Every structure is written in C-alpha cells, then in structure tokens.
Amino acid sequence: MRPILMKGHERPLTFLRYNRDGDMLFSCAKDHTPTLWYADNGERHGTFRGHNGAVWCCDVSRDSLTLITGSADQTAKLWDVKTGQQLFSFKFGSPARSVDFSLGDKLAVITTDPFMERTSAIHVKRIAEDPADQVSESVLVLESPNGRKRINRAVWGPLNQTIVSGGEDAVLRIWDAETGKLLKESDAEVGHKNTITSLTKAADDSHFITGSLDKTAKLWDMRTLTLLKTYVSGVPVNAVSMSPLLDHVVLGGGQDASAVTTTDHRAGKFEAKFYDKILQEEIGGVKGHFGPINALAFNPDGKSFSSGGEDGYVRLHHFDSDYFNIRI
Amino acid sequence: MAELDIDTRAAQLGIDWSQVNLDSVKLPPGENFGIESDDEGVYHDDQLEFDTGFGNIIVVDNLPVVPKTKFEKLENVLKKIYSQLGVIKERGLWMPVDPNTGTTLGYCFIEFNTPQEAQNAKEKTHGYKLDKSHIFAVNMFDDFDRLMNVKEEWEAPQTKPYVPGENLQKWLTDEKARDQLVTRSGPDTEVLWNDARQKNTELVHKRSYWTESYVQWSPLGTYLVTLHKQGAAVWGGADTFTRLMRYQHNMVKLVDFSPGEKYLVTYHSQEPSNPRDASKVEIKVFDVRTGRMMRDFKGSADEFSIGGPGGVAGASWPVFRWAGGKDDKYFAKLSKNTISVYETETFGLIDKKSIKVDNVVDICWSPTDSILSLFVPEQGGGNQPAKVALVQIPSKVELRQKNLFSVSDCKMYWQSSGEYLAVKVDRYTKTKKSTYSGFELFRIKERDIPIEVLELDNKNDKIIAFAWEPKGHRFAVIHGDQPRPDVSFYTMKTTQHGGRVTKLGTLKAKQANALFWSPTGKYIILAGLKNFNGQLEFFNVDELETMATTEHFMATDVEWDPTGRYVATAVTSVHEMENGFTIWSFNGKLLYRNLKDHFFQLAWRPRPPSFLSPEKEEEIAKNLKKYSKKYELEDQDVSLLLSEQDREKRKALKEEWEKWVKQWKSLQEEEKLARQNLRDGEISDEEEEEDEAKEVKEVEFEDVIDVTEEVVQE
C-alpha cells in the first residue's frame, strides 16, 4: 500500500513509539516537540510543548495515559497524554538520551550523556501514581565503567530485575536493577565492533536486537546475553525493530548524514531492510526516505510499521497482503 | 661520589670548601688518581670518528700496462673518465711505475674530494670496459685489507643436498578447475578459491598484516609478492603459501615482474628534503628464483621519468618496460632524448650504447616480439612532423616509420598477440583550438607492415576508451560525448576484405566509460564506472547482442578471471559503504556477493598460457558437447547437494530457534505471577495478547476471502 507521509517535524526524527493498543504513534525529533499521531491514518493528534532542546527518546505507559520523554535540554519530562500537559520534569546536569518505563510503569530508567565533567550514567526513577507526589530523587544511579563513552540506550530486563544498556563503547551490559551491580558484559569477540545505536526488545522481554555503526544488527538472549543471530547490512544501522507477528526484523540506517549531499541519491541506501529473523537472510527493502533512517517501530499488531528519517518525515507503511505470504 | 659524601669527607679532613680554589688544584702529569676527566668522553668520541682518511681513494685495477711514452695518454684517459664522476684532488691520480722497466703496473690510485664521490665512482666504473681485454676492477682503498685477508687455500663450497621444492603449479591441478583470487580487506589478505558452483568462496590461505602496502601476482601466477619495510617477498607453493624468497630493498614502494617472471624489479623513491629537488630513486633488478640482485640503478627521479618531470612524486611506473615473450631478454628505459635498452645476459646496454632519439616521449613493446614502438611529437613549431616508428631490437633497425602532421598527442595500443598496433592520434583542427582523433593501424605480421588510417564516422567525437580483443582481430572504441557516448566495434579481418578494417556495428548512447574484453575474446563488458555508478553491460560481439544489463552500484573495479568464465566487480574502500566484491558469470548472471569492510584490492591469479596448440583448441571447441557432458552431470550433482545442504541448514536453524522460543515460553510461564504482581494484579498479558492476535488474524483472513469471492460472482 502507498505509505502515508507524515510531515509535522521540522528537524530529523530521532525516535518512534507505538502505544500498546497500536492506535497511537509518538514521534520524537530534533525539533523540540514530541508529536502524537493516529496510527492508522497518520493524522496528527497533538504535540507536547515544553522541551527546549532536541528530544531523543520517549516511552508511553501501558494504559497510554502517561508519556515520558528525554531531551537534550537536560530534562526528562512526564506528560499527560490526554491533555498534553507536562506533569513533571526531572532535571539532570546533562542531556537525557533514552527513557524506558518498567513493567507496571512504577519505575523508569533514564540515561544521560557525558557532558562537561559528568560521565554517562543510568538513572532509575520511581514514578508516583499521583503526579503530585512525584519526586525527582533517583532510586539508583549506575555509572558506566567507560563513562566518557555515551550510553545510547538502556531498557528493563525481564521482571524489572535487570537493566540492559548499550552505547558508544560497543559493549552490551546487564546490570542488577536492585543493587546496581554489573552482572554481564557482551563478549568482545562476537559483539559489536562499533557504536551501538539502537536497542529494541521483544514484546515478551525474552530477547532483544541491537543495531550498530559496524553495519550489523545482532539478536541477543536477554537473560544470558547469548548472541543468537547477526544480520549483515552493508550500511551503518541506526534503527532496528522486530515484527511481533512474523519472524522478521527490519533495519534502518544509511550513510552518514554529512556525506549525503556528496553522492548519488542511491548511494545512501536509505532503505528499511527486512531480514528473516531465523535464517538471517535479506527478504526485501522499503525505499522512500531521502536521508538516513533514524527510527523504526512496528505496530504491535504487526500489520504496519513506521520509519522516521533524517529528512524529517515519518513514513507509515501498512503491509500489503503479499507481505504475509512471503516464503523464502 | 655524592655531594653529601664529599662534604662529610671534607669535614673529616678539616677542609673548608669556601677557602679552596678548585682551579688551583693540579694533578701531577700522567697520574689522575682514579679521577676521570670530564673531557675524556668527548675526546674518546673524537677518536672514533677519526678514520684512516683513505675513504676517498679508489684503486682501479686491470688497466693496460703501458710504457713511459704512453703514460701521459693513459693518465689523460683516466682523468677524463673519473673527472666526470667527481672532483679528483689535485695530484690525486697516482699510477705507480715499475722502476726497472719504466712501464706502468696496470693499476692506479685516485683520490677524490669526498668519500661519496669515491663510492659513486667505484659503483659506476666497476666492470667498465675500456676495451675487450681491459675491464676495470675498482675497489675502495679501505677494502683492501679485507680483500688481502682472503684465505689462500680455496675451500670447495659444500654442495647442499637437493631438496625437492613444493609444486608451484599445484593450483592449476584443482579438480574442479577453479580459479584463485587474492583480496585485501582491513588488515587481512586472503587467497580464495572462486567456487562458482557452490556460489561462494573457499579459503585457501589467510594472513593478517601479510603485506605493508599491496600484493601482486606474478604474470604467470606462480608467485604472490608482498611488500615490506625491508624489501619484497614472494610466496607460493601448494596451498600453504610458504615464503620462497626475499629481496632486500629498504622501503620498497613498487614492484614489477618481467613477463616470463624471471626477474623482479623493485622501486624505492625518497622524497627530497628540499622540495625543489627531484626525488631520489633506487631501482633493483632481482633474479626471482635465486634472489640475487642482478643490477641496480640509482639517480634522481628526473632521470627515470618519462615525458613530464619526475619531481617530488617520483618516476612513473613501470620505469623499465620488458620486451614481450617468455624469455625476458630485453628491457628498456626511456629518458630524455634516449632510449636505453638492456639485455638480461649481462644486464648491460645493448652494444653498450643507448639509442638516441631526440624528444622521444613514449615507448611501447610488442607483447610478443622484441619490437619497440616509439612516438616523437612535433618539433620546431610544426616544422618537423611528429613520428611513430617501429624499431627491431637488438638490431636497432627501424622497421617502419610514419610521419604525422599537426599532432597534439599519441597513444599506442598493441594487440595481445603482437599482430597489430593501433595508434590513437589526436590532431589539431585548422584553428588549433580543438582536437579530433583518428587511428593509424599497423599490421605487423604482414609484409612491409602496411598502415591504414581509420577515422570515426563523426570525426569530432572524443575517444573515451579503446581496447583490442585479446588474441583476436577486433577492437572496441567508446567515443562521443559524455554522458551517453557510443560504442563501436571494428574488425581487422573479414571474409570479404582480407586486409581492410571494417566496422561491425555501433551501439548508440551507452552509459559506459571503460571496456573489459573477456580474456578469450568474443565477450566484452561495457562498464560505466565512477560517474556512471557501476553500470555493467555484458555484450556478445560475435552476435552483436546484449546478454545482460546490470549494475553493481558504485563499482570501482572490473576484472575477468583468467579463463573468461567469471567476472569480479568490486567496490573498494574509496567508497565508504557496500565494500566488497561480486562474482558474475560471463553472461552477466549474478552468482554471489561477498561484503567486506575496508576492501582494498582484488586480483585473480593469472594462469600460464595453455600448452594446447590452436588446432587442438579448435577441435575441443568443435566437440564441446562430448566434453561438457561430464561436467554438466557434475554440476547437477552439486546443485542437488547444495539445495540439500541448504535445506538442512535451514532446518537446523529453525529447530535451534524453536528451542529458544520454547525456553522463553516456559520462563514466561514461570514468571507469570510475578509479572501480574508487578502490574498490580492486572492479568498477565500473555493469554490476552494471544487471544487478541488470533482474533485479529481470523478477521483479516475472512475479509480477504470475502473480497475475492465477490469478484468471482460478478
């Protein structure tokens, strides 16, 4: 089907997130306003105003009532999805790079960038049921052993017992979410060779996929950090997503944004590439963006996905029926 | 002694330091009381530098023995020879005379101003032929001690027992008749089999940091040469790639083999400290098998550059061009106004003289015969015409010559079996503002070497590329304007016209800027590299039809395998992404891709020419069906096996995955209650979601079926 082009952002996209029901799509971009869209027709529902810097990441609660966003303005904010009002603002001394609600939405993990003297850190915040009771104190702060390298993403492990993080030092780490102890590091031999740009977990928290500038994406077991699969892309991978319905993964990326204007438009390979999750073979690609793809998300029903590019567009693709009959 | 010790000692002896004038303390001469002088070290160093002072003297032996009357004459000859190589000190030439007879003793001493000049003179004149019976033996005076200490008794060198070496041609006996290629990516150099049947490569040998710059096959494929700080090395043998020989040449930059791979030429250039000077160049010629240095050449880059000045960049490579044929008999060097042709028996100039040709700018050997073609541009503002000539070596007889008028530039292209020479001539138009191109075609093998002039249909077309069909009679030209030039094919031989060049056809508006003939002829790839982003057209010249049009996006290199069965196209690291190579069949079918980051180089291992006579080859081509049957069967087996393997591999992968999923499911089940608690008792999403998914799925399928049915009813 023809993709729906969603033009609302004025700067490159950074992150996309569907709610659990799959009817809302939240988008973050380097302009300062996260936007909410209707996930079926791509109409804009509203924006969340209040950030004063690029917004890097967001997450929405299971009941779709609360949104959390992390921004370069050194804050992470909680929003009322219904009204678009800001509920609370966590202040940090450095940009907030990624945010993730825990199972049950009572905790949130927020990562911050290295900035001035500060090193990259992972903060765990308790989210109060009533925003009026919200406090800004962290429950736990984890310092990366390689603090000058940015942590690009941290997410909760199964049953909120662990936190999984990955970033510029190309190492994946599993932390104990209670004590803050470092439990595991990914094997340097089989692990990524360059910055890990993105990390997306499966719906049941059993496994997750990482994308990296080393031009591969890798699939890991979330409990043991065992490498399961490697997908070779040929271009740097900025965004990854897994189909909840079929055994497909989709990778997005492309050449460095700074090199785009100097080469042929086809040189960039700004495709969303589909791979068979098990066989690791490329199935096909969806073209359209004229800049690298920075964000990808599957609708929880697995029948549509959206991609956000450096070009400032969100493209919403509903799959044709052919897609569900792909055999390789 | 530490200062503190001195102070305590002084206090013990009752000496007040402030009262002592140290300078007044004098030691008795010849006695130092064990105190080392501060100056001693310096003095010592001085002594080391002090040498015999004879470093600038050479001894020239094997001079003619002459009586007194001719003494002066000989002295003058020697002065003339050696004053060219350096400044001889005043009264620096001394030729001893036998006091009894008054004749000279056949040697002399020459003292130069500097040791460097002496060294240079020694290198340049050692082995100099004054005449047949007097070949100079030149040595440094300082070396004489060493030479005198040579043992009187001759010791027979021990004969080493013969150890059979590895079969250097082993790769040719591959059962599946595959070809090898070498690739460099990142730090790794890999030699691979191209296993087109399995649609993959098979590793032969891999090594990290094998070479410090690049690798190169020898022309017959026997050796792989690697470059290192200390010199070059060749590798070969069965499948292990053991080191066969090393060639010492510090900081070697470039290497070149003679066509019969008997000799290896290595090149090193040193950038000058003063940018106005030319680079220093050192070239060595080695015997490949023994590793012995046969000759070396030193000089400034200007001496070794062809055409333009060498300058800082160094000489243009290859400096030495080898004559065709397998015997590696001659090699030639072009320098200002001269062509120096060396022969490999003595590694000296032919007839001890180089060929003087005023203003010669380009030379080119025939690939099979010892014929040299050379080009001299116009001189005297067009008063003297430009000239292309063919010279036979070693007789230096000019076989054929053609004068050309108002020429701006010439390029010479030999056909691979030396039958034809095409000279692309760029001429000025009358206004001298622009140029147009034409060809002069020489038929070398025919009597008197007839020359034919060929002009393109549209004379003003720019010629972008030219290529002879290997071993054939045809050639292809890309001409016209970018971005969509035309490609034309010509033949030197047709059934109707024996001796006339005829056009076979022109393809209009092709996106191509490079031509790659199959090594067996007949097929050609019209490639659009660089600006054309890697367009490839596989073309059959016999039928004049396109077999396939494809693209290897951003391809930088195209190379046929030596048998003409496969083609490799590569994207090297000049581009950032999609580095790696792709293998195609001769007719443009994509066989497989191989992605490798930081891909630098790809080279097929050349094969030596076939031992089959042309008649035999023709016979095989005729009865191809008979021979091919066996291979077709094999192919079938392989493809069956392959699909079998593939299926099994997939099955294994699927099973492995199922195992993971099962494990996850059971864990999920175990954690169900805990999850529910974390969600404040909200039902665990598992069943909920599963139900949902099922429902949605069913609805979806119903929908689809409904629609199709309606269509049928209508």
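Biologist: How should I read the accessibility of B:Arg565, and is this residue buried or partly exposed?

Modeller: Relative accessible area sorts residues into buried (under 20%), exposed (over 50%) and partly exposed in between, using a 1.4 Å probe and protein chains only. B:Arg565 is partly exposed at 29%, whereas B:Asp561 is buried, with a value of 0%. This is a predicted model, in which local features need pLDDT of at least 70 and side-chain atom pairs count only at pLDDT 80 or more, while totals for chains, interfaces and linings use all residues. Residues are numbered from 1 along each chain as its sequence is written, chains are lettered from A and ligands numbered from 1 in the order in which they are written, and side-chain values use heavy atoms, leaving out hydrogens and water.

Biologist: What do the side chains of B:Arg565 and B:Asp561 form where they meet?

Modeller: Side chains of opposite charge can pair when their charged atoms come close. The criterion for a salt bridge is a side-chain nitrogen of Lys or Arg within 4 Å of a carboxyl oxygen of Asp or Glu. B:Arg565 and B:Asp561 meet in such a bridge, at 4.0 Å from N to O, and by this rule the count over all chains comes to 41.

Biologist: Which parts of chain B does the pair B:Asp188 and B:Lys206 tie together?

Modeller: The closest N and O atoms of B:Asp188 and B:Lys206 are 3.6 Å apart in their salt bridge. B:Asp188 lies in strand E8 (residues 188-195) and B:Lys206 in strand E9 (residues 200-208) of chain B, so the bridge joins parts 18 residues apart in sequence; strands here are DSSP runs of at least two E residues, numbered from the N terminus. B:Asp188 counts as buried at 18%, while B:Lys206 is partly exposed at 43%.

Biologist: Which residues of the largest nonpolar core touch the most other members?

Modeller: In soluble globular proteins, nonpolar side chains tend to be buried together. A nonpolar core is a set of buried Ala, Val, Leu, Ile, Met, Phe, Trp, Tyr and Cys residues joined through side-chain atoms within 4.5 Å. The largest one has 26 residues, and A:Phe26, A:Leu67, A:Ile68, A:Ala76, A:Leu78, A:Phe90 and A:Ile110 touch the most other members. Several strands of chain A each supply at least two of its residues, including E3 (24-29), E6 (55-60) and E7 (66-71), and the largest share, five residues, comes from E6(A). Apart from this core lies another, of 21 residues, among them B:Val60, B:Met95, B:Cys108 and B:Met140.

Terms used:
Helices (H or I, at least four residues) and strands (E, at least two) are DSSP runs, numbered from the N terminus.
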